[in-house]
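Work through the exercises below with the model open. Try each task before reading its solution.

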Amino acid sequence: MPPGKRYEFLPSRRLMSPEKIERLVKAFVTLGVKKVRLTGGEPLLRPDLEEVVERLARLEGLNDLALTTNGVNLENRLESLKKAGLKRITFSLHSLRPERNAVIVNRPVDPLRLVETMEEAKKMGFTVKVNAVVVRGLNDDEVEELAAFFKRKKITLRFIEFMDVGTVNRWSLEKVVTAKEIITRLRRVFNFKPLPRKPSDTALNFVYDDGTSFGVVASVSMPFCRGCDRARVSADGKLYTCLFAERGTPLNGSLTETVERVWRERTDRYSELRLLNGLNRSQKVEMYRVGG
Ligand SMILES: C[S@@+](CC[C@H](N)C(=O)[O-])C[C@H]1O[C@@H](n2cnc3c(N)ncnc32)[C@H](O)[C@@H]1O
């Protein structure tokens, strides 16, 4: 939730229960989904996140369950999340300078404390990754520093091009630092090779000499709509077929039928159209509803 606005929070009775989330994920798994990411919003705000994880971690056919989080107070829940069956955590950290990080996260987070939590998580056996959104004029001067920092820590860092998600993040094309620019700048400092790419990969992935990898998500400059296989479900149980969708479909009744129908009928390719026509819809679902 970018700063500077008043936000309306959903009353908790409108949030899906852990039991409903499990039923829903079961329906997705029946239709072939193998990977689920719990994101947000901020998933750690749910006191029952451990129960959600526990229910999903035991589902047969679901091979990969991950959490994306700003990591606030996560140190107190690593143990319980581990016990519940979570194996992968992606942290969002955009700058090593607290005041800059706070502009994107809209929370006072101490970056070095967050890094300690990452290291703790790694020690406990979690696979840890970091997402850093690069915004020109905010943190673009830190690209090399962030890369060097996480390379030293042997943690995979993913740079993300700043996207025009939702309607409240004051996006403009001038603020986007393209993957090409990021990679060119990193080439001046580090030796690395590209890794093979699957059509559904969101990131261009690379590996440094020492075996540590990093990635760049080029969602603005090189959209990957045609390979995108991500469905998104908001906390109140609506299905969105694109991060830039204007509306979602309530998931009631026969879950498998609804999901299958909506998925078959989808035509979204917002990021490609943005690139082709400079499209910027005024009514888009907010990212804090459908996650990153
Ligand atoms: C929307 S957040 C939700 C999960 C959690 N609250 C967090 O901070 O990680 C998921 C990811 O989207 C990224 N993100 C947020 N705004 C973005 C933007 N405008 N463009 C690209 N990525 C963005 C965040 O950095 C984060 O890694």
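**Exercise 1. The network**

Which residues are linked in a network of salt bridges?

Solution. Start with the conventions. This is a predicted model, in which local features need pLDDT of at least 70 and side-chain atom pairs count only at pLDDT 80 or more, while totals for chains, interfaces and linings use all residues. Residues are numbered from 1 along each chain as its sequence is written, and side-chain values use heavy atoms, with hydrogens and water left out.

Step 1. Apply the criterion: a salt bridge is a side-chain nitrogen of Lys or Arg within 4 Å of a carboxyl oxygen of Asp or Glu. Step 2. Read off the network: E22, K26, E51, R55 and R58. Step 3. Take the total: the rule gives 29 salt bridges.

**Exercise 2. The partners of E181**

Find the salt bridges that E181 forms with R136 and with R185, and place each in the fold.

Solution. Step 1. Take R136. Its closest N and O atoms with E181 are 2.8 Å apart. E181 lies in helix α7 (residues 179–187) and R136 in the loop between β4 (127–134) and α6 (143–152), so this pair ties together parts that are 45 residues apart in sequence. Here helices (H or I, at least four residues) and strands (E, at least two) are DSSP runs, numbered from the N terminus.

Step 2. Take R185. For R185 and E181 the closest N and O atoms are 3.7 Å apart. The two residues are four apart in helix α7, separated by about one helical turn.

Step 3. Buried means under 20% relative accessible area, exposed over 50%, and partly exposed in between (1.4 Å probe, protein chains only). E181 is partly exposed at 25%. R136 is partly exposed at 32%. R185 is buried at 14%.

**Exercise 3. A further pair**

Which residue forms a salt bridge with R269, and how far apart are the closest N and O atoms?

Solution. Step 1. The partner is E272, at 3.0 Å. Step 2. Check accessibility: R269 is partly exposed at 34%, whereas E272 is buried at 9%.

**Exercise 4. The faces of α8**

Sort the buried and exposed residues of helix α8 by face.

Solution. Step 1. List the buried residues of α8 (residues 255–265): L255, T258, V259 and V262. Step 2. Look down the axis. These residues fall within an arc of 95°, so they line one face of the helix. The arc is that of the directions from the helix axis to the C-beta atoms. Recall the geometry: an α-helix has 3.6 residues a turn, so residues three or four places apart point the same way.

Step 1. Turn to the face away from the buried side. It carries the exposed residues E257, R264 and E265. Step 4. Find the cover. The buried residues of α8 are covered by elements including α1 (18–30), β10 (238–240) and β11 (249–250), where contact means heavy atoms within 4.5 Å.

**Exercise 5. The open sheet**

In what order do the three strands of the open sheet run?

Solution. Step 1. The order is β9-β10-β11, with antiparallel pairing. Step 2. The edge strands are β9 (232–233) and β11, each pairing on one side only. Step 3. Two strands pair if DSSP finds at least two bridges between them; β10 and β11 pair over two bridges. Step 4. K238 stands opposite P250 in β11.
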